[in-house]
Amino acid sequence: MRISPHLCFDGKCREAIQLYQRLLGGTIQTMLTYGESPMASSMDARWHDRIVHATLVLDEIELTGADMIAGAYQQPQGFFVTLTVTGIARATEIFKALSHGGTIKMPFEKTFWSPGFGVFVDRFGIPWEINTDAQAAQST
């Protein structure tokens with residue numbers, strides 16, 4: 001069994017998944033448009049370039065996403081995608097890059113549980129927590 005976050009976008013899925021891949025690594029396994037899917041004939045042509053399913057594989061985790069159809073998109077709430085990173089420098093780099101153009105809710109700083117932790121909503125509307133692995137930091 002595994003849990004895979006599935007992120008919903010308002011027309012920016014391709015851009016978001018490609019950015020996440022550039023910053024986090026991994027492999028984009030799927031980037032299927034509505035126009036390439038069996039749904040194409042029943043979809044308005046304006047939707048054909050939007051993403052019906054994307055998969056970014058990061059080690060053992062799949063981060064999936066899709067552009068919601070017209071009128072179905074809602075701003076994500078009630079969760080965060082939490083990314084625990086080894087190394088304060090790498091965690092800081094990821095926090096700065098992913099939060100650029102978004103809204104910082106808690107600046108990246110030392111906490112009682114982590115040498116670096118911060119919270120933001122990225123420019124695509126996805127809420128993130130970036131955490132530095134405290135055990136890895138102690139062992140270095």
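Buried means under 20% relative accessible area, exposed over 50%, and partly exposed in between, with a 1.4 Å probe and protein chains only.

**Ground rules.** I'm working from a predicted model, where local features need pLDDT of at least 70, side-chain atom pairs count only at pLDDT 80 or more, and totals for chains, interfaces and linings use all residues. Numbering runs from 1 along each chain as its sequence is written, and side-chain values use heavy atoms, leaving out hydrogens and water.

**Aromatic pairs.** I searched the whole structure and got 8 aromatic pairs. To pair, rings of Phe, Tyr and Trp (its six-membered ring) need centres within 6.5 Å; planes under 30 degrees apart are stacked, over 60 edge-to-face, and the rest tilted. Phe95 and Phe108 have ring centres 5.4 Å apart and planes at 40°, so I logged the pair as tilted. Phe95 sits in helix α2 and Phe108 in strand β6 (residues 103–109), so this pair ties together parts 13 residues apart in sequence. Helices (H or I, at least four residues) and strands (E, at least two) are DSSP runs, numbered from the N terminus.

Buried or exposed, Phe108? Phe108 has a relative accessible area of 19%, so it is buried. Phe95 is buried too, at 5%.

Next I checked Trp113 and Phe117, an edge-to-face pair with 4.9 Å between centres and 70° between planes. Trp113 is partly exposed at 37%, while Phe117 is buried at 8%. I also found Phe9, Tyr20, Phe124 and Trp128 linked into a cluster by ring pairs.

**Helix α2.** I counted 12 residues here, reaching 16 Å from first C-alpha to last, close to the 16 Å expected at 1.5 Å a residue. That expected span is 1.5 Å times one less than the number of residues. Its buried residues are Ala91, Ile94, Phe95, Leu98 and Ser99. They cover an arc of only 105° around the axis, so they lie on the same side of α2; the arc is taken from the directions from the helix axis to the C-beta atoms. Exposed Ala89 and Lys96 are on the face turned away from that buried side.

What do the buried residues of α2 pack against? They pack against α1, β5, β6, β7 (117–121) and β8, where contact means heavy atoms within 4.5 Å. Just after α2, Gly101 takes a positive phi of about 85°.

**One more contact list.** Leaving aside neighbours within four places in sequence, I have Ile126 in contact with Leu7, Cys8, Phe9, Tyr20, Pro76, Val81, Phe120 and Val121.
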